[in-house]
Amino acid sequence: MSTNQMPRVGQLAPAEGDLEPTRSSAPLTLTAALLGFALICLDASVVNVALPAIGSALGGGMSGLQWVVDAYTLAFAALMLSTGAFSDRAGASRAFALGTTVFTLASAACGLAPNLPALIGARVVQGVAAAVVLPASLALVRQAYREPARRARAVAAWAAGGSLAVALGPVAGGALTTVWDWRGIFFVNLPVGAAILALLVRAPRSRPRPAPLDLPGQLTAVAALVSLTFAVIEGGTAGRAALAVAVLAGAAFLRIEARRPHPVVPLGLFRDRTVATAVAVGSAVSVAFYSMVFVFSLFFQQVQGHSALYAGLMFLPMTGLIGVTNVVAGKLAGRYGPRLPMLVGQPLAVAGLLLLLYVDAGTPPALVSVLLVPLALGCALTVPPLTAAMMDAVPAERAGLAAGVLNSARQVAGGLGIAVFGALLGHGFQAGMRWSLAVGAALLTVTFALSFRLAGRSARTS
């Protein structure tokens, strides 16, 4: 998960009954929230480099490896639609403690998994817990820093923690897998989870607040997404049956959302062309970025025969530039509006994907590492402006909900991209890799054309 996926819940003020944070407790609360966000970002990327080792130890083939990634991603994405409301109802501090505890226990279950089904099941639980941790962690930061200037700096630090985790994920995964074992990528979460819970003792307690939950909409969304992913990954007769279930669940979801007074996904949001464009571009970027990390993690190890650590290091130039580029993109969007950096970023990402079409088993790994950089830079230039554009397009009171929709769409797109591209790789790695690159480039070309619909200059005056 990219750190650009920060939910915009900062507009939601804490309830007046919340305990007033002290100056001494605020830094501890921020540290706990930052570590929690970094932990769930790390687990979205750290596992990719360990996939060949997991496959060797537990079996399962390509489809099994896809589920190890997608079990986490889909649970995270689908439930993020509702966990902001859950955090309000339970109180941010309780929700964060609960999510961290469950995530830590699920990490232990992943590390102890005796077989692939057990690992996939534990990854689902991790994803559910991560969906609770994300909005609750940001709500805690908001609660701990009441002064706007200090709060802005705290939120920036919180986001930077996620950026660092995303950048270090492949390297950490490779190092732990090589020096320890693939199980180490999960066991390392245990002391971090314990430290977060210890820090949380000093966090101000949040009072529960009423917030509507759309359980029928949430359940049908989960059914549709899981069934669709199953259909893509598994194929065959079972896949066709799952596709039918996905269509029925999707139709039920749309019908429910059209009638609910407080839908989990307000369909009216998509009547705004800026919102629709932002979701489309964000989804295409996620398909291109996350799926390529998955594909090239396997390429470095299974095709070129390198170690997990070596593969992780090959991603460092790509991921290490993301945080800096995010900052540049935000400044460009503030000065020139969101369209300009998006119109620069997407063609850059497309160019990177097209250059990678020439990669084969004999290409020097260092060259592949360099060729991955334009893709990363293009994606990092695109996401902050599209997020800002979407936030500007919705009323302030709906910003948290809109951000949840955007982030969920991006996570779902990334998960489905891995499912589709993994299926393509199963029919021959080299041909499947090239088809994956071509599909990613085609999607970004379409969304590049859509981006011309955005305003040329930000409507903000500040």
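Colleagues, the model before you is predicted, with local features requiring pLDDT of at least 70 and side-chain atom pairs pLDDT 80 or more, while totals for chains, interfaces and linings use all residues. Residues are numbered from 1 along each chain as its sequence is written, and side-chain values use heavy atoms, leaving out hydrogens and water.

I begin with two helices, which are DSSP runs (H or I, at least four residues) numbered from the N terminus. The axes of helix 10 (residues 273-303) and helix 16 (residues 373-393) come within 9 Å and cross at roughly 155°; axes are lines fitted to C-alpha atoms over the stretch in contact, with angles from 0 to 180 degrees between N-to-C directions. The two helices are therefore roughly antiparallel to each other. Their contact (heavy atoms within 4.5 Å) includes Ala278, Gly282 and Phe289 of helix 10 and Cys379, Val383 and Leu386 of helix 16.

I turn to the aromatic residues. Rings of Phe, Tyr and Trp (its six-membered ring) pair if their centres lie within 6.5 Å; planes under 30 degrees apart count as stacked, over 60 as edge-to-face and the rest as tilted. The count comes to 12 aromatic pairs. One of them joins Phe300 and Phe315, edge-to-face, at 5.7 Å centre to centre and 85° between the planes. Phe300 lies in helix 10, and Phe315 in the loop between helix 11 (308-314) and helix 12 (316-320).

Definitions and conventions
Angles under 35 degrees count as roughly parallel, over 145 as roughly antiparallel, 65 to 115 as roughly perpendicular and the rest as oblique.
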